[in-house]
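The following exercises are to be worked with the sequence and the structure in view. Each task is followed by a solution in steps.

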Amino acid sequence: MVSLLVVAAVAVPALSETEYEYLFTAWVNEYGKSYETSEFFNRFNIFKANLDLIREHNAKNDSWTMGMNEFGDMTWAEFKASYVGGTKVVPREYLRSKNYPEKTSDIAVPSSLDWRSKGAVTPVKNQGQCGSCWAFSTTGSVEGAHAISTGTLVSLSEQQLMDCSSSYGNKGCNGGLMDDAFEYIIKNGGICSEASYPYKGVQGTCHSCSDVATISSYVDNPSGNENNLMNLIQVGPVSIAIEADQSAFQFYSGGVFSAACGHNLDHGVLIVGYGSLSGKNYWIVKNSWGATWGMQGYILMIQGKDECGLALAASQPRV
């Protein structure tokens, strides 16, 4: 990441046109961007507006920071159209979910937990400009359950879910639900590896492959209950849906995220652990926008506020 693009939390001096040009050139070179002449100045002006947004936020000295990344030449509307909106509108009956887990309120929990360090989380993936986040959230939690059960971590196929689970209610790049994908895996008898059924970023024709992981069931978190979510994460990674249609998400770069986002769930992600930073308790959330976004593909989201609706439609597969 171009180091000059994240500015310290101080009063924001105006940048000169020469400074904008220098930073844009450095950014273009870092991310290998190229434009037609007619598009160049449009993208340059969008970059400038985004950089101003980042600098203004960081001057507030909030608990979280923003930083320039590969999405710097996209307006919020463009980014939202391409990367947000990958979960179906979640109906109230889904939020009252029927697959509640067994009572676990008396579980003693450690002060921190990170399933990445326990070999239950694959490297960060990239959904590209396709609303397939639901598939990545699904594979993430199933990868975790399989690894914890067998001791072997295998990257699983989002493309299979996109191509083959339409009859369960999922719609490829146009959104889906993690529970619907769990239903497909259960009824199909398993899911294949990423290597045998690689990601294309567009919905295609379902074809056969050899299953490498199975689940027998899944449980749903009682809507909005973060205490129970803490119990679920002791078992393994948890699929969640959040409202990510806030411009803050486009350039999040670090710290404990606590912003004015609502509960209109539109993006599927994965909780892989939790911890504390500067007195703020957080969830460790794996995204699917590539490793150049956020904290190498992750975001820390504050606990105790049902931030962005993260506890409203959480669910977890069981082997």
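**Exercise 1: Helix α2**

Task: In this predicted model, determine which residues of α2 are buried and what covers them.

Solution. Step 1: Apply the cut-off for burial, which is under 20% relative accessible area. The buried residues of α2 are R43, F44, I46, F47, K48, N50, L51, I54, R55, H57 and N58.
Step 2: Look for the covering elements. They include α1 (17-31), β1 (64-66), α3 (76-83) and α9 (248-251).
Step 3: Examine the span. Helix α2 covers residues 37-58, 22 residues in total, and its first and last C-alpha atoms lie 32 Å apart, close to the 32 Å expected at 1.5 Å a residue.

**Exercise 2: The largest cavity**

Task: State how many cavities of 30 Å³ or more the structure holds, and describe the lining of the largest cavity.

Solution. Step 1: There are 3 such cavities, and the volume of the largest is about 80 Å³.
Step 2: Its lining includes T122, K125, F136, S137, T139 and G140, and also G268, V269, L270, K286, N287 and S288.
Step 3: Assign the lining to elements. Both α5 (133-150) and β8 (267-277) supply at least two residues, and α5 gives the most, with 4 residues.
Step 4: Sort the lining by class. It has 3 nonpolar, 7 polar and 2 charged residues.

**Exercise 3: The nonpolar cores**

Task: Identify which members of the largest nonpolar core touch the most other members.

Solution. Step 1: Among the 58 residues of this core, they are I233, I242, F249, F257, W283, M301 and L310.
Step 2: Turn to the second, separate core. This core has 24 residues, including L156, L161, M162 and I185.

Note on methods: Residues are numbered from 1 along each chain as its sequence is written. This is a predicted model: local features need pLDDT of at least 70, side-chain atom pairs count only at pLDDT 80 or more; totals for chains, interfaces and linings use all residues. Side-chain values use heavy atoms; hydrogens and water are left out. The expected span of a helix is 1.5 Å times one less than its number of residues. Buried means under 20% relative accessible area, exposed over 50%, partly exposed in between (1.4 Å probe, protein chains only). Contact means heavy atoms within 4.5 Å. On a 1 Å grid over the protein atoms alone, a cavity is a set of points where a 1.4 Å probe fits but cannot get out, and a pocket is an open set with protein on both sides within 12 Å along at least five of seven lines; lining residues have an atom within 4 Å of a point. Grid points are joined across faces, edges and corners, and a volume is the space filled by probe spheres set on the points. Ala, Val, Leu, Ile, Met, Phe, Trp, Tyr, Cys and Pro count as nonpolar, Asp, Glu, Lys and Arg as charged, and the others, Gly among them, as polar. A nonpolar core is a set of buried Ala, Val, Leu, Ile, Met, Phe, Trp, Tyr and Cys residues joined through side-chain atoms within 4.5 Å.
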